[in-house]
Amino acid sequence: MSGGFFRGTTADQDTRFSNKQAKLMKSQKFASELETLVDVSKVKMDVMKPWIATRVTEILGFEDEVLINFIYGLLDKKVVNGKEIQIAITGFMEKNTVKFMKELWTLLLSAQSNSSGIPQQFLDARVAETKRLQDEARKKADENNQLVNEIGKRKCYEDDIHGKIDSGVEPKVSNAMDAKPSRDRPEDDRKADEKRQRLVAIEDRAENLRHPSILAATRSGLERLLELKRLLQRPDIAISRGPYAFKYPSGHA
């Protein structure tokens with residue numbers, strides 16, 4: 001026998017494999033995206049690999065490292081054919097293969113057409129996420145500013161109330177915040193308003209008692225009572241002196 005009898009052949013040279021590949025190509029259903037080859041050298045695979053791992057895990061319901069690394073290996077070429085990859089992974093993903101390959105190839109085609117090598121879907125998602133975070137930060141800042149303004153208004157109101165109390169001027173309700181609480185408002189708000197109004201009323205009464213005119217009248221009244229007491233103790237003077245002069249009844253000793 002000649003030495004050529006033992007010479008082996010590759011899968012591409014063996015017609016048995018080529019015929020089987022051709023039959024699978026005809027028997028399987030492929031998404032239209034797979035008609036276009038992908039130049040992997042134009043794709044940033046470090047961006048694509050996390051998506052592949054996550055999507056495979058979502059579809060299978062568990063993490064299959066063997067299948068994930070197998071797909072990485074199938075894509076480790078300069079130019080790849082999506083139909084060949086689909087045939088290779090059908091045994092792993094079965095009925096989900098067509099769906100997965102359509103999603104994967106859509107991203108790869110988008111990536112190879114972008115100068116960045118990143119799918120446009122990923123770029124749009126990044127922009128949307130950045131905008132969402134900015135909106136949340138802006139909303140939080142607005143809420144904080146509103147809270148600061150509300151605290152400032154309440155402080156100004158309290159300072160105004162205390163200023164009026166110190167000056168002896170009766171405070172008046174000037175806005176809805178200080179009005180009689182509505183029964184439609186939360187219970188805590190109503191209780192807080194009622195407590196504040198009771199405190200203001202107590203302060204008003206206390207301040208009114210300290211008002212100069214009331215103090216003067218009280219002091220004057222006390223002085224007159226003391227004078228009357230002295231006059232009652234000295235009836236001989238009481239008859240002729242003082243604003244409360246009077247005569248004792250007859251028969252007074």
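In which helix does valine 66 lie?

**View 1. Valine 66 and a nonpolar surface patch in the predicted model.** Valine 66 lies in helix H3, which covers residues 65–74. With a relative accessible area of 59%, valine 66 is exposed, because exposed residues are those over 50%. Together with Phe70 and Phe92, Val66 makes a nonpolar surface patch of about 270 Å².

**View 2. Glutamate 33 in the loop between helix H1 and strand E1.** The loop that holds glutamate 33 runs between helix H1 (15–27) and strand E1 (38–39). Glutamate 33 has a relative accessible area of 19% and is therefore classed as buried, the cut-off for buried being under 20%. The side chain of glutamate 33 is joined to the side chain of serine 32 by a polar contact of 3.5 Å. When neighbours within four places in sequence are left aside, the residues in contact with glutamate 33 are Lys102, Trp105, Thr106 and Leu109.

**View 3. Helix H4 and the residues at its two ends.** At the start of H4, a side-chain oxygen of asparagine 81 comes to within 2.9 Å of the backbone nitrogen of lysine 83, and Lys83 is itself one of the buried residues of this helix, which spans residues 82–93. The buried residues of helix H4 also include Gly82, Ile85, Gln86, Ile87, Ile89 and Met93. Just after H4, the backbone of glutamate 94 takes a positive phi of about 50°.

Terms used: Residues numbered from 1 in each chain as written. Predicted model: local features only at pLDDT ≥ 70, side-chain atom pairs only at ≥ 80, totals over all residues. Heavy atoms only, no water. Helix = DSSP H or I, 4+ residues; strand = E, 2+ residues; numbered from the N terminus. Buried < 20%, exposed > 50% of the residue type's maximum accessible area, 1.4 Å probe, protein only. Polar contact = N/O pair within 3.5 Å; in protein donor to acceptor, adjacent residues only side chain to side chain. Contact = heavy atoms within 4.5 Å. Patch = residues over 30% accessible without salt bridge, like charges linked within 9 Å, V, L, I, M, F, W, Y side chains within 5 Å. Areas by Shrake-Rupley, 256 points an atom, 1.4 Å probe, with all protein chains shown as cover. Salt bridge = Lys/Arg side-chain N within 4 Å of Asp/Glu carboxyl O.
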